[in-house]
Amino acid sequence: MSAETFYVTTPIYYVNDAPHIGHGYTTVMGDIITRWHRQRGEKVWYTTGTDEHGEKVLRKAQANGVTPQEWVDKLVEEEWRPLLRTIDAANDDFTRTTDLRHLEGAQAFWTALNERGAVYQGSFTGWYSVGSEEFVGDDDVVDGEGDDEGIKVSKLDGSRVELISEDNYFFRLSDYQQKLLDFYEANPTFIQPESARNEVISFVSRGLRDLSISRSTFDWGIPVPWDADHIFYVWIEALLSYATSVGYGSDRERFDEVWPASIHLVGKDIARFHAVIWPAMLMAAGEHVPHRVFAHGWLLVGGQKMSKSKANGIRPDELVDTFGSDAYRYYFARALTFGSDGSISWEDINARYHAELANGFGNLASRVAAMIGKYFGGTLPASGEHTDAELTVVDTVVDAVRDADAAIEAVAPQDALAAIWRIVDELNGYITSQEPWKVAKTAASGEGNAGDRLATILNTTAEGLRVLAVVLNPVMPKASAVLWESLGAEAALGALADQRIDAVAAWGQLPAGTTVTKPASLFPRIETAPTA
RNA sequence: GGGGCGGUAGCUCAGCUGGUUAGAGCACGGGACUCAUAAUCCCUUGGUCGCGGGUUCGAGCCCCGCCCGCCCUACCA
């Protein structure tokens with residue numbers, strides 16, 4: 001049997017939204033996790049993309065005087081693809097729900113469900129607000145007062161609503177209540193974290209209603225293959241991107257190779273769609289359900305949820321312009337607990353940038369390269385006998401790499417970075433306690449074995465940096481590449497991306513004689529901080 | 001209304017199935033050092049663990065009530 005593909009997805013982002021740091025956050029987390037798994041030597045596939053159908057897109061396009069296709073093409077090229085470049089994402093695919101493969105795959109999927117009897121025609125009745133142009137839930141409809149006396153109005157915005165019904169196709173979601181509950185029970189890690197799992201189970205336990213899957217009042221969507229008057233409801237169609245982008249409906253062999261998804265990363269607001277509707281759809285189709293749905297929390301700015309409608313957004317490109325994509329990636333992975341809400345601020349990013357990246361890591365690389373340059377002419381010396389101090393360094397590295405790997409496995413990048421930073425701290429402490437600058441003076445006077453001792457200290461720190469370059473590569477590929485280059489590691493050990501996590505902690509890989517050069521500052525101090 | 005989650009040092013957060021003097025990082029204060037990006041290393045200061053009851057030999061962790069914040073409660077996505 002062939003090795004399973006580690007297949008990760010971000011949500012298929014709604015194209016009408018302006019990309020903000022929330023989107024960047026999710027995509028970066030997936031990128032870090034998939035880059036790490038690639039360096040474990042696994043087959044990996046990482047997909048992101050855009051959801052481009054629906055009434056809102058249609059309206060927006062009309063308002064802009066262009067066709068919906070022209071509108072989404074523009075958004076994808078001008079907003080969404082640039083975001084990926086900004087944050088240095090290494091996704092394997094960018095899937096669009098307007099892609100032909102998706103249209104055909106989605107139609108094939110629902111044709112199959114229809115043939116299996118999971119779909120029926122019925123009528124959907126609901127309160128429709130002409131003013132806000134949307135259906136309003138029963139609980140949000142109240143009796144009007146004053147001018148609206150005798151009329152039902154929406155509690156949300158006060159607009160008048162009328163009861164209308166529409167012929168629709170329905171998916172027999174109600175058939176899956178018990179099947180889903182049994183599934184959650186048998187697969188406790190299917191929905192994570194625990195808070196999302198509890199919520200989903202509680203939601204399903206209260207009962208599931210059949211789901212309307214088509215619309216006939218507008219036409220920007222994928223046609224229902226057996227009834228040209230209907231298009232599919234966006235959600236029911238967009239979720240299928242995860243399958244159609246890896247061959248469902250077009251390349252069965254490819255699909256079987258990649259599916260099921262290992263992890264769907266989602267925001268906690270859409271956990272329900274991914275943990276309830278999506279697996280039920282797949283069960284109905286007789287396909288495997290994903291291994292895991294991981295719901296992350298919100299980014300809070302000034303205690304408020306980061307959102308497109310509020311002006312509290314910190315723009316990804318603004319952040320990257322100031323601190324760089326590496327720092328952006330590092331910050332979100334390190335400062336937040338993936339799965340919980342977390343606070344971010346310009347001040348905090350700035351503080352961590354300087355304390356952890358510039359002073360901690362960048363300066364470490366700088367001082368080691370400077371000493372190898374000054375004391376050994378830029379040629380890496382061979383290590384002599386290890387003393388307890390070196391053994392402690394080696395132990396710290398081995399433990400840290402092991403812990404970081406376990407943390408990534410547990411979808412906890414923040415813990416992985418905390419573990420990796422033990423190496424940074426250990427090396428800085430090791431250098432200070434070994435005082436190589438003093439050993440160098442002794443060596444210069446020709447006393448004892450000081451020269452050998454100095455060589456051992458600098459060889460050890462260089463080895464530590466070698467490990468850091470490898471394990472930080474998934475998080476900060478640019479800085480890691482510079483460090484790898486400065487260690488002269490490429491010539492001796494090959495490409496950084498080919499360095500395996502499971503072998504990285506083995507000591508003594510950098511051969512003596514390698515040319516070490518002092519790199520430009522990995523993370524130069526930044527004097528001015530723009531207003532957020 | 002119902003359900004879920006959270007409220008721990010100035011800030012951001014850890015605290016496993018309840019167990020000795022509640023932890024980390026940053027910030028602050030003091031000291032050491034000079035290889036380095038005025039960086040590094042060491043030490044100190046700092047908490048009625050939202051509030052009020054209860055269970056227990058013992059509770060930040062369990063139970064009850066209350067206050068505050070966020071999320072979900074299916075057809076905007």
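Trainee: How many aromatic pairs does the structure hold?
Mentor: Bear in mind that this is a predicted model, where local features need pLDDT of at least 70, side-chain atom pairs count only at pLDDT 80 or more, and totals for chains, interfaces and linings use all residues. Residues are numbered from 1 along each chain as its sequence is written, chains are lettered from A and ligands numbered from 1 in the order in which they are written, and side-chain values use heavy atoms, with hydrogens and water left out. Rings of Phe, Tyr and Trp (its six-membered ring) pair if their centres lie within 6.5 Å; planes under 30 degrees apart count as stacked, over 60 as edge-to-face and the rest as tilted. On that basis, the number of aromatic pairs is 29.

Trainee: Why is the pair of Tyr25 and Phe332 called tilted?
Mentor: The ring centres of Tyr25 and Phe332 are 5.7 Å apart. The pair is tilted because the planes are at 50°.

Trainee: How many residues apart in sequence are the parts that Tyr25 and Phe332 tie together?
Mentor: Helices (H or I, at least four residues) and strands (E, at least two) are DSSP runs, numbered from the N terminus. Tyr25 lies in helix H1 (residues 21–39) and Phe332 in helix H12 (residues 325–335), so the parts they tie together are separated in sequence by 307 residues.

Trainee: Is Tyr25 buried or exposed?
Mentor: Buried means under 20% relative accessible area, exposed over 50%, partly exposed in between (1.4 Å probe, protein chains only). Tyr25 has a relative accessible area of 2%, so Tyr25 is buried.

Trainee: Which residue has its charged end over the ring of Trp45?
Mentor: A charge sits over a ring if NZ of Lys or CZ of Arg is within 6 Å of the ring centre and within 35 degrees of the ring normal. At 4.6 Å from the centre of the Trp45 ring, the residue is Arg254.

Trainee: Which element gives the largest share of the surface near RNA strand B?
Mentor: A residue is near a strand if one of its heavy atoms lies within 4 Å of it. RNA strand B is surrounded by 52 residues, with Arg272 and Arg367 among the closest. The largest share, 11 residues, comes from H13.
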